[in-house]
Amino acid sequence: MSFLPFEWSAETVLCLWIGFWSAVAVFLTVSDKLRAKRNVRRIRERTLFLFSALGGSAAMLLTMLFIRHKTRHSKFMLGIPLIMVLQAVLIAWILRRF
């Protein structure tokens, strides 16, 4: 039973999910960069990883490379691509299943 008058495909839901968390990830990354420049309270690294894992990993990695933020931290430069690989496997599984 659907609460909407139409059915959403798995692809549509995945695109909306990834798009939303990608926008949040970009916002957080840029915000953390600006906070670092102003020497004010920063966003925790685990928070950045959380939003990366929720679906914003590609956007966060591209943003970090573009604004040169946390690019010297191997934790991020290896961790986020690893999250992306795991997400790709999960997405492939979801699309095959549904």
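## Salt bridges, patches and a core

D32 and R42 join their side chains in a salt bridge, with N and O 3.0 Å apart. D32 sits in helix α1 (residues 10–38) and R42 in the loop between α1 and α2 (45–67), so this pair links distant parts of the chain, 10 residues apart. A salt bridge here means a side-chain nitrogen of Lys or Arg within 4 Å of a carboxyl oxygen of Asp or Glu. This is a predicted model, where local features need pLDDT of at least 70 and side-chain atom pairs count only at pLDDT 80 or more, while totals for chains, interfaces and linings use all residues. Residues are numbered from 1 along each chain as its sequence is written, and side-chain values use heavy atoms, with hydrogens and water left out.

**Salt bridges**

- By the rule above, the count is three salt bridges.
- Here's the general idea: side chains of opposite charge can pair when their charged atoms come close.
- Is D32 buried or exposed? D32 is buried, at a relative accessible area of 0%; "buried" means under 20%, "exposed" over 50%, and "partly exposed" in between (1.4 Å probe, protein chains only).
- K70 lies in the loop between α2 and α3 (74–97) while E45 belongs to helix α2, so the pair ties together parts that are 25 residues apart in sequence.
- The helices are DSSP runs (H or I, at least four residues; strands would be E, at least two), numbered from the N terminus.
- K70 is buried at 10% relative accessible area, whereas E45 counts as partly exposed at 27%.
- E45 meets K75 in a salt bridge too, at 2.6 Å from N to O.
- That pair links E45 in helix α2 with K75 in helix α3, 30 residues apart.
- K75 is partly exposed, with a relative accessible area of 48%.
- Put together, E45, K70 and K75 are linked in a network of salt bridges.

**Patches on the surface**

- Patches are built from residues with over 30% relative accessible area and no salt bridge; like charges are joined within 9 Å, and nonpolar side chains (Val, Leu, Ile, Met, Phe, Trp, Tyr) within 5 Å.
- Which residues gather in a patch of positive charge? They are R35, R38, R41, R44 and R46.
- For charges, Lys and Arg count as positive and Asp and Glu as negative, with His and the chain ends not counted; the place of a charge is NZ of Lys, CZ of Arg, CG of Asp or CD of Glu.
- R38 is found in helix α1 and is exposed, at 57% relative accessible area.
- F6, W8, V13 and L16 form a nonpolar patch on the surface, with about 380 Å² of accessible area together (Shrake-Rupley method, 1.4 Å probe; for residues, only the protein chains shown count as cover).
- W8 lies in the segment before α1 and is partly exposed at 41% relative accessibility.

**The nonpolar core**

- A nonpolar core is a set of buried Ala, Val, Leu, Ile, Met, Phe, Trp, Tyr and Cys residues joined through side-chain atoms within 4.5 Å.
- The largest one has 13 residues, and L28, L48, F49, M60, M64, F76 and I80 touch the most other members.
- α1, α2 and α3 are the elements that give two or more residues to this core, and α2 gives the most, with six.
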